[in-house]
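Thanks for coming. I will go through one chain today, part by part, with the structure on the screen.

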Amino acid sequence: MEKIVLENGLRILLLRIAGARSASVGVWVAAGSRHEEARQQGISHFIEHMLFKGTSRRSARAISEEMDMLGGNVNAYTSREYTRYYAQCLGENAVQALDILCDMLTSSRLDREEMERERGVILDEMAMYEDSGEDVAHEALCAAVWPGSPLGRTICGLPETVRALTPDDLRGYMRRHYTPDRMVAVAAGEFDREGVLRLLRDTLGALRRGEGAPALDAPAFTPALALKAKEFEQTSLTLAMPGLPAGDERRYAMSLLNFIVGGGASSRLFQRLREELGLAYSVYSASYASRGAGLFTVAASFSGGQQEQVLSEILAVLRGLPGTITAEEFARARAQVKASFVLGLETVAAQASYAGRNELLEGREVPAEEAVAALDRLTPAEVEDLACMLLRDPRRALSVAGETRGAAFYEPFLQA
């Protein structure tokens, strides 16, 4: 991979992939919901939507039609740490596709009428999430675990903050946060190297360097209980304990531990609650790593009347795991995690995403061979040590959405 840094701080990653006939181009911006002030909640996500609504050179329809003519597609998403704009197309059209993205990033009109229309779309999107028990439980959990921190806020924002945002708010946020020193441009696959570099120098390379990213808080884990009584077909819960922050050297051990706990069909949670007892159709564990903070969670959806049994069985699995991981479980977890990682990098788009994310969050290239070697070096003892540290930590948080009971009912299930 070739890395070029322009004078204004823009980082450019060029990843030629032998035999590829397609290209994936994109721009990562270190501006997500963690960078928002309380009154701006949802502004990063709103901007992501609005950049597709027309520029000084292209209407919203022209953006879509031009991408279709290039045989490609363009998309974007917002996270807590960043916003990513990207496109896939034939390699011969990579420069034109990247030109569309750069035009969106530098010349979007942020028209008031378009903003009013899109505001309705975003409010509908937020209402859709409110119909999902798993989403409601997870967002309530984050708010309870990290009260007062941007990490605890929803990426979409609140209805009242989204309704209050103006075009000037969006422009001001972009001036502050959409600066070249906080951007990573990526071209992967087959592409015209000189054409890509020339375009980036003339567009993003002409932007003024910013003041750098603001310092992010590192909120402590707050034990909590969050109950959301809603009329869902099923009840959903998320149980959380402190996890590992992004960049922690134990992240590979965490991948194996997560698989053993609830990351696959052979995991202890899935086998016990789904296969043996038939208590929950959906049950799994997950690791969420952000800079300065992390969570390890177990989530399940089930008939509301089974809460006590579901919670009891989840706790039994978590309490019984430290010190009991078998050699077969370890080997199976490592084989699956390694295969998932390697197979996940088979496409041009996946390699572009992997390169851009590593550069933005870790500031360096992380070769696939490095990750595979780290997995190969892992020992059962390292996974056991992590299991003991996380699963025996007395700090717990629980969120329930759907049919809920009184707080006293849940207190015993907050004990490690």
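I start with Gly262, which is found in helix α9, residues 251-263. Helices here are DSSP runs of H or I of at least four residues and strands are runs of E of at least two, numbered from the N terminus. Before going on: this is a predicted model, so local features need pLDDT of at least 70 and side-chain atom pairs count only at pLDDT 80 or more, while totals for chains, interfaces and linings use all residues. Residues are numbered from 1 along each chain as its sequence is written, and side-chain values use heavy atoms, with hydrogens and water left out.

Is Gly262 buried or exposed? Gly262 is buried, at 5% relative accessible area. Buried means under 20% relative accessible area, exposed over 50%, and partly exposed in between, with a 1.4 Å probe and protein chains only. Not counting residues up to four places away in sequence, Gly262 touches Ser267, Leu269, Tyr284 and Ser285; contact means heavy atoms within 4.5 Å.

What does β10 pair with? Strand β8, residues 235-242, runs antiparallel to β10 and is joined to it by 8 bridges; two strands pair if DSSP finds at least two bridges between them. Within that pairing, Leu237 stands opposite Ala300. Strand β9, residues 282-290, is also antiparallel to β10, over 9 bridges, and Ala286 has Thr297 as its bridge partner. The hairpin of β9 and β10 has 2 residues between the strands, and in it Gly292 takes a positive phi near 90 degrees.

Next, the other sheet on my list. It is open, with 6 strands in the order β1-β2-β6-β3-β5-β4 and mixed pairing. At its edges are β1 (2-5) and β4 (73-78), each pairing on one side only. From one strand to the next the twist averages 15 degrees; axes are lines fitted to C-alpha atoms, for helices over the stretch in contact, and angles run from 0 to 180 degrees between N-to-C directions. Strands β3 (22-29) and β5 (83-90) run antiparallel, joined by 8 bridges, and Gly26 stands opposite Tyr86 in β5. Helix α1, residues 43-50, packs on this sheet, touching β4 and β5, and its direction makes about 170 degrees with that of β4. Helix α13, residues 348-362, lies across β1, β2, β3, β5 and β6, at about 25 degrees to β3.

Now the cores. A nonpolar core is a set of buried Ala, Val, Leu, Ile, Met, Phe, Trp, Tyr and Cys residues joined through side-chain atoms within 4.5 Å. The largest has 52 residues, and Ile47, Leu51, Tyr85, Leu170 and Tyr178 touch the most other members. Helix α3, residues 94-107, gives the largest share of this core, 8 residues. A second, separate core has 48 residues, including Leu269, Val317, Phe330 and Val337.

Last, charges. A salt bridge is a side-chain nitrogen of Lys or Arg within 4 Å of a carboxyl oxygen of Asp or Glu, and the count by this rule is 30. Arg272 forms one with Glu276, with the closest N and O atoms 2.9 Å apart. These two are 4 residues apart in helix α10 (268-276), which means a separation of about one helical turn. Arg272 is partly exposed at 29% relative accessibility, whereas Glu276 is exposed at 52%. Arg272 also meets Glu313 in a salt bridge, at 3.0 Å, N to O. Glu313 lies in helix α11 (307-320) and Arg272 in α10, so this pair ties together parts that are 41 residues apart in sequence. Glu313 counts as buried, at 15%.

Which buried arginine has no salt bridge? That is Arg182, in the loop between α7 (167-177) and β6 (183-189). Its nearest side chain of opposite charge, Asp181, is 5.8 Å away. For charge, Lys and Arg count as positive and Asp and Glu as negative, while His and the chain ends are not counted.
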